[in-house]
Amino acid sequence: MDKLNIEPLSSWPGYAGQSPYIIAGPCSAESREQVLATATQLAATGKVHALRAGVWKPRSRPGAFEGAGIEALEWLQEAKNQTGLALAIEVATPQHAEQALKYGIDILWVGARTVSNPFSVEQLANALRGTSAYVMVKNPVNPDLELWIGAIERLYRSGITRLAAIHRGFFPFEKTTLRNLPKWEITIDLRSRMPNLPIICDPSHIAGKASIVPTIAQKAIDLMADGLMVEVHNNPKVALSDAQQQLTPSAFNDMLNALSIKSSTTSDTPFCDKLKQFRSKIDSIDQQLLELLAQRMNIVKEIGEFKKQCNVKPYQESRWENIVDSRVQYGLQIGLSEEYIKSLLQLVHKESIRKQAEIMDTDSNGNA
Ligand code: PEP
Ligand code: MN
């Protein structure tokens, strides 16, 4: 698709042109009191442009809090009247979109699970045809840039030009420090593919934990984000969804005050910019490599315990030969040299054996 004719972020609701664009609010609208208390405190920071809240919640398991529905739209309307903040909610079906527009919601976003399904995105795009809605498209759950771009294109083809992407990270198949892997390299690629599409980072769903949110927010701003969407709850401890990752209004205010926003300098030539993008991709991939090595080591430790119980020695010749053969074969297929794979494997294997030997030598009280 040719360069999209997308409206700049400067025309978005509540935005007076300062950077970045800030959307904040609870994961879910839970009660009138919670919405109004949170909105009032957010407006008092003077730095928030729009209030977010989940009205219909996509939950992994049935029975969890699924949102307050239409009633919540009334609370949000009241919050808008009281604070002047623009409103942003998630929509997953044409009915949600219709209700949202009826209740004066300014910005709609398509959630990660919905974006993963082209049928749902197409239905939403058709429902929004001819409206002047602002629409944000979260990245899909899987790290599939084409699926993300496809969802943006579907909305654009329905005449929606007030578009932005939200980067909320990708589901990790193993347990990692972060709830969702940022894979910044994918957002950097999105920027190159759609240079005038605003990108808003949702550090809350990447972090999964309130204490990590500021670090992710800063990283996003440093890399390329034009705005942030942050989960803030007036009392996170009692939140009905995503309690661990929601900031209190005061922690959120501290985070915004500490955020360092670098304006472009003369050193930001296209060359430096490109180099920065390449390095950011390498940084992000290295971090994922380390996470994977840590996951591997955790399994190595479990095997160590297991071998100890079964009285098996840490090193088995046949297993090692099999590892080298299969990895070299696969590595060659994906363009890595035999020498490189072998030296890397040796390093990884040596550390595994050392760890297992350590486990064997330790008695059940943890004494070496
Ligand atoms: C949310 O923003 O509360 C939400 C459900 O996000 P996601 O679609 O990214 O999981
Ligand atoms: Mn949430």
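Some conventions before the content. Residues are numbered from 1 along each chain as its sequence is written, chains are lettered from A and ligands numbered from 1 in the order in which they are written. The model is predicted, so local features need pLDDT of at least 70 and side-chain atom pairs count only at pLDDT 80 or more, while totals for chains, interfaces and linings use all residues; side-chain values use heavy atoms, with hydrogens and water left out.

I start with the metal. The manganese ion, ligand 2, is coordinated by C27 through SG, H205 through NE2, E231 through OE and D242 through OD, at 2.1 to 2.4 Å. A donor here is an N, O or S atom within 2.8 Å of the metal, or 3.2 Å for Na, K and Ca; water is not among the atoms, so sites may look incomplete. The donor spacing in sequence reads C-x177-H-x25-E-x10-D. C27 sits in the loop between β1 (21-25) and α1 (32-45), and D242 in the loop between β8 (227-231) and α10 (249-258), so this pair ties together parts that are 215 residues apart in sequence. Helices (H or I, at least four residues) and strands (E, at least two) are DSSP runs, numbered from the N terminus. D242 also has a positive phi, near 45 degrees, and is not a glycine. N311, in the loop between α11 and α12, is another non-glycine residue with positive phi, at about 60 degrees. Most residues other than glycine have a negative phi.

Next, ligand 1. The residues around ligand 1, meaning those with a heavy atom within 4 Å of it, include C27, H205 and E231, along with R52, K57 and W109. By class, this shell has three nonpolar, two polar and seven charged residues. Nonpolar means Ala, Val, Leu, Ile, Met, Phe, Trp, Tyr, Cys and Pro; charged means Asp, Glu, Lys and Arg; the others, Gly among them, are polar. For polar contacts, the cut-off is a pair of N or O atoms within 3.5 Å; within protein, one must be able to donate a hydrogen and the other to accept it, and residues adjacent in sequence count only if both atoms are side-chain atoms. A polar side-chain atom of R113 is 2.8 Å from a ligand 1 oxygen. For K138, a side-chain N or O atom is 2.8 Å from an oxygen of ligand 1. The backbone of A112 has a polar atom 2.9 Å from a ligand 1 oxygen. How much of ligand 1 does the protein bury? Taken alone, ligand 1 exposes 300 Å², and the protein buries 97% of that (Shrake-Rupley, 1.4 Å probe).

Last, the largest pocket. Its space is about 750 Å³, a volume being the space filled by probe spheres set on grid points joined across faces, edges and corners. On a 1 Å grid over the protein atoms alone, a pocket is an open set with protein on both sides within 12 Å along at least five of seven lines, and lining residues have an atom within 4 Å of a point. Of the 18 lining residues, L289, L292, L293, R296 and L344 are closest to the centre. α11 gives the most to this lining, seven residues. The classes are 13 nonpolar, two polar and three charged.

Key: 1 Å grid on protein atoms, 1.4 Å probe; cavity = no way out; pocket = protein on both sides within 12 Å on 5 of 7 lines; lining within 4 Å.
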